[in-house]
Amino acid sequence: MAALPLFVTGCGGGGSSSSPPQTGVTPPLVPAGPSLPPLPSGAIRTAYAGQFAVGAALKPSEVISGSEAAALVADQFSSVTAENIMKPEALAPTPGNYNFGQADEMVDFAVANGMEVRGHTLLWHRATPDYFFEGTPAEVRARLETYIFDVVTHFKDRVQHWDVVNEVVADGGGGTAPYRDSNWYRAAGGPNYIDWAFNAARAADPNAKLFINEYSTEFAGKRDRMLGVVQDLLARGIPIDGVGHQMHINRTLSAQNAFDALQAVDNLFAGLVNHITELDISIYSDPGSCFVNGTGCADDIGDALPASWRRQQAQLYRDLFNGFLTFPSLLSVSLWGLTDDGSWLNTWPVTRTNYPLLFDRDGAPKPAAFAITDPTYEIQ
Ligand code: XIL
């Protein structure tokens with residue numbers, strides 16, 4: 001039988017949603033999640049079929065033929081993203097030497113199972129070898145164009161969507177804003193590298209859908225800067241098809257913030273597509289300083305996940321997916337990982353146990369998985 005809450009706290013709360021848990025306060029705990037039946041076969045992808053693909057970011061181990069993870073992915077999801085192995089440092093660790101092996105295995109897995117692939121990512125200020133930034137802007141341009149043309153050509157007809165540029169928008173105003181002051185910006189001598197990247201991707205595969213991918217679009221400041229960048233690209237005829245909203249959020253966010261991000265794109269740009277590209281819901285609510293310099297982060301709760309937090313997370317997943325159905329422009333929603341133990345949020349922004357995804361550390365479906373697939377399921 002399902003575990004029942006062991007304690008009920010007498011604390012009425014009162015802290016802001018972004019404060020770390022108060023010491024000395026015991027939230028209601030359950031030692032493990034409620035016992036749940038298996039998720040029906042195909043539940044996640046079929047719940048949204050015809051509306052949007054549902055994807056997961058994967059590690060190479062999660063596509064190994066015969067593994068439990070690969071079976072779960074093929075059964076439940078309709079889209080795949082490589083969490084790391086299609087980033088420039090993985091595909092081209094040294095100049096001109098491509099290393100497509102692992103990415104090909106993942107893409108072959110997706111194709112064999114009738115899944116879409118989101119290529120992530122052709123250009124980023126991280127996970128990119130230094131040689132990309134060496135030389136004159138003209139040399140940087142030629143190298144970038146060659147890299148993107150070669151990679152997109154290699155995966156032509158197997159990768160339907162590309163995050164052409166990732167995180168090129170500034171977090172604040174001033175300086176180079178609305179563009180991020182990055183290694184790319186400096187090497188190219190300005191934001192032109194964004195044009196170069198989109199044009200090279202389009203030249204290589206005219207059928208692939210090309211995205212700008214960005215985080216924090218659920219907040220107005222970052223969103224407005226991103227929209228300005230998109231507007232400028234469109235005005236100058238740069239080939240861009242859609243906006244990727246990473247959507248790394250936490251359990252205290254209102255679903256409306258996510259809908260605002262989608263609506264803003266719809267309002268300004270009829271014809272552009274929306275993708276949610278990296279959805280996860282951290283159970284920690286942190287102040288901004290945690291993400292800037294790792295200070296003030298909520299304390300690690302270890303394996304004592306408060307039942308109320310788990311329910312709040314499942315409810316937010318449900319609210320999000322219900323709302324997503326009301327946006328015809330939204331064609332893909334991807335989770336940033338498969339199971340809680342594999343999530344990057346166990347080590348970022350600080351190392352602590354996190355529970356951000358739909359499947360637990362045993363690969364079993366969490367309440368959140370039932371919340372988004374069964375409208376009659378009462379969240380426990
Ligand atoms: C992360 C991966 O999940 C980690 O394994 C890796 O160490 C760093 O990158 N935004 C993105 C993703 O666009 O590429 C990042 O992925 C998470 C944040």
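An oxygen atom of the ligand lies 2.7 Å from an N or O atom in the side chain of Glu278, where a polar contact is a pair of N or O atoms within 3.5 Å. The model is predicted, so local features need pLDDT of at least 70 and side-chain atom pairs count only at pLDDT 80 or more, while totals for chains, interfaces and linings use all residues. Residues are numbered from 1 along each chain as its sequence is written, and side-chain values use heavy atoms, with hydrogens and water left out.

| Ligand atom | Side chain | Distance to an N or O atom |
|---|---|---|
| Oxygen | Glu278 | 2.7 Å |
| Oxygen | Trp336 | 2.9 Å |
| Nitrogen | Glu167 | 3.2 Å |

Of the 420 Å² of accessible area that the ligand has on its own, the protein covers 81% (Shrake-Rupley method, 1.4 Å probe).

The ligand is surrounded by 13 residues, the closest being Glu83, Lys87, His120, Asn166 and Glu278; a residue is counted if one of its heavy atoms lies within 4 Å of the molecule. By class, this shell holds three nonpolar, five polar and five charged residues, with Asp, Glu, Lys and Arg taken as charged.

A search of the whole structure finds one disulfide, defined as a pair of cysteine sulfur atoms within 2.5 Å. Cys290 and Cys297 form a disulfide with their sulfur atoms 2.0 Å apart, and their link is right-handed, with 100 degrees about the S-S bond. Cys290 counts as buried because its relative accessibility is 1%, and Cys297 counts as buried at 13%; buried means under 20% relative accessible area (1.4 Å probe, protein chains only).

Technical notes
A polar contact is a pair of N or O atoms within 3.5 Å; within protein, one must be able to donate a hydrogen and the other to accept it, and residues adjacent in sequence count only if both atoms are side-chain atoms. Buried means under 20% relative accessible area, exposed over 50%, partly exposed in between (1.4 Å probe, protein chains only).
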